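Reader: I would like a close look at the ligand site, taken slowly, with the cut-offs given as you go.

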Amino acid sequence: MAVYEIIKYIHIGCVVLSLSGFCLRSYFLLCDPEKLSLAWLKYPPHMVETLLLLSAIAMLPLLGQYPFVDGWLTAKLVAMLLYIGVAGYTLHAARTFRLKLAFIALSLSIFLYIVGVALFHDYYSWLSPVIGV
Ligand code: HEM
């Protein structure tokens, strides 16, 4: 298996872990907030997100495409920073149940957008086949 493939699988593994971790923490946020301060729920997500970003950075020279040069990678980077900010607000600062729910939905929408950008290599994400660019 080529190095690129291995790094891509690490990247995808981090995507799955990151999404699962966010869903689990969202569940606890809504149903059992005390659990959010458990160490195994607090620290591993930062490690996963760091590895997600490092694996992305490692793929760029191998792919020969870069953020701020190639639109889809700029979109992924900006959307990922937005996701980190919104998800962080959701888990740490959102106060009311409705606000928590709204921000969980917003975070998941951004995440879904990023997955669409990754699959279609296009900032139109899931709309890319429809718009036909
Ligand atoms: C939450 C953030 C992210 C998510 C959910 C995500 C998701 C994904 C997914 C699902 C794939 C696999 C696509 C496929 O199999 O065709 C992928 C590949 C990739 N991602 Fe990410 N990604 C994220 C962040 C980033 C960032 C910040 C960058 C770089 C700016 C990046 C660069 C790449 C590259 C270069 C590939 C390989 C594309 C290919 O070979 O087709 N990703 N990403």
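Which helices each supply at least two residues of the shell around the ligand?

Author: The helices are α1 (3-31), α3 (44-63), α4 (71-92) and α5 (97-120). Here helices (H or I, at least four residues) and strands (E, at least two) are DSSP runs, numbered from the N terminus. This is a predicted model, in which local features need pLDDT of at least 70 and side-chain atom pairs count only at pLDDT 80 or more, while totals for chains, interfaces and linings use all residues. Residues are numbered from 1 along each chain as its sequence is written, and side-chain values use heavy atoms, with hydrogens and water left out.

The shell holds 22 residues. Tyr4, Lys8, His11, Lys76 and His121 are the closest of them. By class, the shell has 18 nonpolar residues, two polar ones and two charged ones. In that count Ala, Val, Leu, Ile, Met, Phe, Trp, Tyr, Cys and Pro are nonpolar, Asp, Glu, Lys and Arg are charged, and the others, Gly among them, are polar.

Next come the polar contacts. A polar contact is a pair of N or O atoms within 3.5 Å; within protein, one must be able to donate a hydrogen and the other to accept it, and residues adjacent in sequence count only if both atoms are side-chain atoms. Tyrosine 4 has a polar side-chain atom 2.5 Å from an oxygen atom of the ligand. For histidine 121, a polar side-chain atom lies 2.7 Å from a ligand oxygen atom. Histidine 11 has a side-chain N or O atom 3.0 Å from a nitrogen atom of the ligand.

Most residues other than glycine have a negative phi. Serine 125 lies in the loop between α5 and α6 too, and its phi is near 55 degrees, again positive in a residue other than glycine. Serine 125 counts as buried, because its relative accessibility is 2%.

Now the space itself. Rolling a probe the size of a water molecule over the atoms shows where empty space is left. The ligand takes the space of the largest pocket. On a 1 Å grid over the protein atoms alone, a cavity is a set of points where a 1.4 Å probe fits but cannot get out, and a pocket is an open set with protein on both sides within 12 Å along at least five of seven lines; lining residues have an atom within 4 Å of a point. A molecule sits in a cavity or pocket if more than half of its atoms lie within 2 Å of its grid points.

The volume of the largest pocket is about 670 Å³. Grid points are joined across faces, edges and corners, and a volume is the space filled by probe spheres set on the points. The lining of the largest pocket has 27 residues, and His11, Met59, Trp72, Lys76 and Ala118 lie nearest its centre. By class, this lining has 22 nonpolar, two polar and three charged residues. At least two lining residues come from each of α1, α3, α4 and α5, and α3 gives the largest share, with eight residues.

The second largest pocket holds about 300 Å³ of space. Its lining consists of 14 residues, with Arg25, His46, Gly88, Leu91 and His92 nearest the centre. Elements giving two or more residues to this lining are α2 (39-42), α3 and α4. The largest share, six residues, is from α4. Seven of the lining residues are nonpolar, four are polar and three are charged. Glycine 88 is found in helix α4 and is partly exposed, because its relative accessible area is 24%. From glycine 88 to serine 107 is 19 residues in sequence and 9.3 Å in space, C-alpha to C-alpha.

As for the setting, the protein chain has six helices and zero strands. Of its 133 residues, 32% count as buried.

Notes:
Near = heavy atom within 4 Å. Buried < 20%, exposed > 50% of the residue type's maximum accessible area, 1.4 Å probe, protein only.
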